[in-house]
Amino acid sequence: MLDKLESIKDKYLRLEEQLSDPEVIADQKRFRKLNKEYSDLTDVVQAYDRYKSNKLQLEEMRQMVKQEKDPDMKALAQAELEELQAQEPELEQQLKLLLLPKDEADSRNVIIEIRAGTGGDEAALFATDLLRMYQRFAERKSWKYEVMGFSEASIPGACKEAVLSISGHDVYGTMKFESGVHRVQRVPETETQGRIHTSAASVAVLPEAEEVDIDIRKEDLQMDTFRSGGKGGQNVNKVETAVRITHIPSGIVVACQEERSQLQNRERSLKMLRAKLYDIQLAEKNKQRADLRRSMVATGDRSAKIRTYNFPQSRVTDHRIGFTSHALPQILEGSLDEIIEALKLHDQTVRLQEEHQ
């Protein structure tokens, strides 16, 4: 492990030199590529530096305990030595986790599909809450987001179905844990008896695919156009700008009517289709990997209930890892870091255990 870490540190320092080279800076494509590599190694190198610093201080304290004559100073050195020794296993574990291979899709942008499930209007209102939660989370992470599709429920402004595109650093690696059924327990505004209702919405997080990832043949596509509904100005219900694409081999259907031009809606629809096909391809690969098959945390079963938002008790529970938080209002405002970090840690720990079986 130490040889591997030294090799990573050497590469990191070489990248640091290259990134300050004027020729590299002038070539923006190369600069972005090298900067991403540098960024990906930063956490590992910083953890390795902490590990080495701890080792060095441990040796110094051992010498001090051995050589110190003054009883008080010796006792202080012994206390510090014990503290450093206690930190060592934690630092080693952190390095092992950071050295685990990343999923190939972790650095991708994502397309998130949110659908209201059981619960009628209340489910649609909850789906809207989830959409807003992910938008706020994206803002906190300084990611860019865009609503690619929004199908309104019977309640104005409530979401029957929404498609959200998010781009930034390692978005899929962070957001993939959100796939599954989210459940809410609360008293709906329309409930006169004050009874708590349970409703649900499903979330699917798809890694965004490039054209080179997925080969889509024109003959495999059936494209239909139709008139847009809802907001959109003069063109609504007059010009067939909305697009529906059916991928014949898989039966996948995607549609978009958010843009004012048929070409833009077609491009968005193809983007969604590529993501769905890439997700299927990725799922097939993951079936062969024991860690994802056993832990069911990372991509998991999308029909499985993963999280409950209980309003009366201001409680959020993630059922996969038994995580509970009583900060429900903050979580719905996008404070998802604590839950996601706990899910990441659980996933890494399971993978680490399986690597050593």
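Modeller: Let's begin where helix H4 starts: Asp70 caps the N-terminal end of H4, with a side-chain oxygen 2.9 Å from the backbone nitrogen of Asp72. Keep in mind that this is a predicted model.

Colleague: Okay. How many residues does H4 have, and how far does it reach?
Modeller: H4 runs over residues 71–98, so to speak 28 residues, and reaches 41 Å from its first C-alpha to its last. That is close to the 40 Å expected at 1.5 Å a residue.

Colleague: Where does H4 bend?
Modeller: At Glu88, by about 25 degrees. A proline, Pro89, follows within four residues.

Colleague: And is Glu88 buried or exposed?
Modeller: Glu88 is buried. Other buried residues in H4 include Ala77, Leu81, Leu84, Leu91 and Leu95.

Colleague: Why would residues a few places apart in a helix point the same way?
Modeller: An α-helix has 3.6 residues a turn, so residues three or four places apart end up pointing the same way.

Colleague: Switching to strands. How do E9 and E10 pair?
Modeller: Strand E9 covers residues 305–310 and strand E10 covers residues 315–318, and they pair in the antiparallel sense over four bridges. Thr308 stands opposite Thr317 in E10.

Colleague: What does E10 do with E11?
Modeller: E10 pairs with strand E11, residues 323–325, in the antiparallel sense over three bridges. Val316 stands opposite Ser325 in E11. E10 and E11 form a hairpin too, with four residues between them, and Gly322 in the turn has a positive phi of about 70 degrees.

Colleague: Where is Ser142 found?
Modeller: In the loop between helix H5 (120–140) and strand E2 (144–152). Ser142 has 64% relative accessibility, so it counts as exposed, the cut-off being over 50%.

Colleague: And Asp170, buried or exposed?
Modeller: Asp170 counts as buried because its relative accessibility is 14%, and buried means under 20%. Its place is in the loop between strand E3 (159–167) and helix H6 (171–175).

Note on methods: Residues numbered from 1 in each chain as written. Predicted model: local features only at pLDDT ≥ 70, side-chain atom pairs only at ≥ 80, totals over all residues. Heavy atoms only, no water. Pairing = 2+ DSSP bridges. Helix = DSSP H or I, 4+ residues; strand = E, 2+ residues; numbered from the N terminus. Buried < 20%, exposed > 50% of the residue type's maximum accessible area, 1.4 Å probe, protein only. Expected span 1.5 Å × (residues − 1). Bend = angle between axes of the 7 residues up to and from the residue. Polar contact = N/O pair within 3.5 Å; in protein donor to acceptor, adjacent residues only side chain to side chain.
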